[in-house]
Amino acid sequence: MDSKLAKACRVLIIDEQVLAQGYIKYSLEELGFRDITYVDKANAALNTIEEEHFDLIVCSYNLKKDQDGYYLYDQLKNSHALPLTTAFIFISADTSSELVHSIIELQPDDFLAKPFSVKDLDKRLSRVLKRKKALLPIYELMDKDDFIRALDAIEEFLTRPEHAEFFPLALKTKGELLLACDRAKDAKEFYFAIINVQPFTWAKLGLVNALIKLDEDEEAEKLILQLAFKPDSQLVAYDLLCGLHVKQQDFESALEAVLMAAEISPRNLRRHRMAINLSRLTHDYETQFEAAKRIVKFAKHSIHDKPQNYINVARAGIDYAMTADEQETAQLVKQANDYIRQFQQAFPKTELQEQMKVVNARLLYLQDEKERARALVEQISEEHYEGQDLEDLLDKAKVFHALGLYDRCQSVLEEIEKRCKHNPEHGELFLRYVRQEKQERADILYSPKELNNNAVDFYQSGQLDDALKTFRQAYSLMPKNPSIALNLLQAIAMKSREQGLSENASNMVRSCILTIENGKLSEEQEERYMKVKSFLEEAV
């Protein structure tokens, strides 16, 4: 270890174990470090990092007191609280596959497995700190978002032979800067040149980003699918694939990609939130419910453990129950109530009276106690929407619509849309969902179950056109429900006897068949499906 480098280095150790702190302190002092600060909690670390600059942070991955190292580092990166000039190193006795995937995802400057010797620490720290020192002027410019000057600096850096050992990292940084400077065409050419010499994974991932920016989506997708088969790039590949499908407004495929990524690295809460937004857009209520439950599971015992997480699970369970059969509805109502009890036990001092009135009114509506639900809703304030959480407002809109208060529903949705427009941090997907809700709830005044029941009545009384229209509305709200799909398919088959299958009807038939064959039917429904399918095949 360079003694001058060690003495000038400000170090922060984040570890809750006193013995571990002592050993790291001893090891660092043996290597010549003198300016060492200790904290044992993630919250304290966040405050300390915001107030002071450190050249090196050594963090235990296994912090437990308020959040672990994973969430701490993730938060530091995404809030831009950790400058590029600071070296961040994880230490852990755990070397499980989950941790390995987390390290690949988070990309700290290094990872050191316990137990380690002073010699091991010396080797790792020397390498990391030398790298940071060599690229310090470039990182300082990047931390200021001065990407044009940083690109000039990296170009000059790459002309100096004495920096040869840092050229691989400098080349990777150059590609990132070309993209940051909106020079996607130059970035594409640069990455192709690198790959022709050596097929680095980072160059292929950079090339994907350049291709997407250049709207060369087909080539980007081919490369992403190749990268999805490689362990070191699989996770990023699925994230890129999700982003590409969102860009193309193929939300079904985007949801599939983000779920694949979440399966590999389940602790990333942003992916579960992305899954919720995408499942809402695709009316996939079961996936929305499961993603909300995962947020509660993985946020528990961390700084991300909040009352809103539990209430959002209850809300997602109610959304799902609105489309389920009687038996499933009873189970979902029970689960929603279980999460409400968990919230009350975990946060006994938290008062969310108005939010709970809305949730309880929706639960009463599900149990056909509409008068009691309406009595609760009448206690809800019609004003002062400005300071309320968007999820709280969204839940209000849903209960207003269910109870026939359509003007109040639209008023709340308009307020949400207005706030989303003025505050882009809520995200384009959420805004798109709100607009979808606004349109659907203006066009369709009945709940999914009511639509299906009305359509069945129309069908049985021979009003085929009304039945077909109403089944279509029900299916638009419940595209994953095989029973609804079968009912619509049967109505289309009956209509086709009169005038044959139009192109639109043929597309709907394919969609219904896909839903049915991916779902579960009763024996009676299965028999009915085979007859309808056989008839349609003959009609075509």
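Modeller: A residue is buried under 20% relative accessible area, exposed over 50%, and partly exposed in between (1.4 Å probe, protein chains only). The model is predicted: local features need pLDDT of at least 70, side-chain atom pairs count only at pLDDT 80 or more, and totals for chains, interfaces and linings use all residues. Numbering starts from 1 along each chain as its sequence is written, and side-chain values use heavy atoms, leaving out hydrogens and water.

Biologist: Why is Cys59 called buried?

Modeller: Its relative accessible area is 0%. That is under the cut-off, so Cys59 is buried. Cys9, at 3%, also counts as buried.

Biologist: How do you know that the count of disulfides is zero?

Modeller: A disulfide needs two cysteine sulfur atoms within 2.5 Å. For Cys9, the closest cysteine sulfur is in Cys59, 16 Å away. By the rule, the count comes to zero.

Biologist: What makes Glu29 and Lys25 a salt bridge?

Modeller: The rule asks for a side-chain nitrogen of Lys or Arg within 4 Å of a carboxyl oxygen of Asp or Glu. In Glu29 and Lys25, the closest N and O atoms are 2.7 Å apart, so the pair qualifies. Both residues sit in helix α2 (residues 18-30), four apart, which means about one helical turn between them. Helices are DSSP runs of H or I with at least four residues, strands are runs of E with at least two, and both are numbered from the N terminus. Glu29 is partly exposed at 34%, and Lys25 is partly exposed at 31%.

Biologist: What makes the pair Arg271 and Asp239 a link between distant parts of the chain?

Modeller: Their side chains meet in a salt bridge at 2.7 Å, N to O. Arg271 belongs to helix α15 (residues 269-281) and Asp239 to helix α13, 32 residues apart. Arg271 is buried at 6%, while Asp239 is partly exposed at 31%.

Biologist: Why are Glu290 and Lys293 said to be about one helical turn apart?

Modeller: They lie three residues apart in helix α16 (residues 285-299). Salt bridges that share partners also join Arg315, Asp319, Arg362, Asp392, Asp395 and Lys398 into one network. The whole structure has 44 salt bridges.

Biologist: Which residues form the negative surface patch?

Modeller: Glu286, Asp325, Glu326, Glu328 and Asp368. Patch residues have over 30% relative accessible area and no salt bridge; like charges are joined within 9 Å, and nonpolar side chains (Val, Leu, Ile, Met, Phe, Trp, Tyr) within 5 Å.

Biologist: Why is Asp368 called exposed?

Modeller: Its relative accessibility is 64%. That is over the cut-off, so Asp368 counts as exposed. Asp368 sits in the loop between α19 (353-366) and α20 (370-377).

Biologist: Which peptide bond is cis, with omega near -5°?

Modeller: The one from Lys114 to Pro115. Pro115 lies in the loop between β5 (110-113) and α6 (118-134).

Technical notes: Accessible areas come from the Shrake-Rupley method with a 1.4 Å probe; for residues, only the protein chains shown count as cover. Lys and Arg count as positive and Asp and Glu as negative; His and the chain ends are not counted. The place of a charge is taken as NZ of Lys, CZ of Arg, CG of Asp or CD of Glu.
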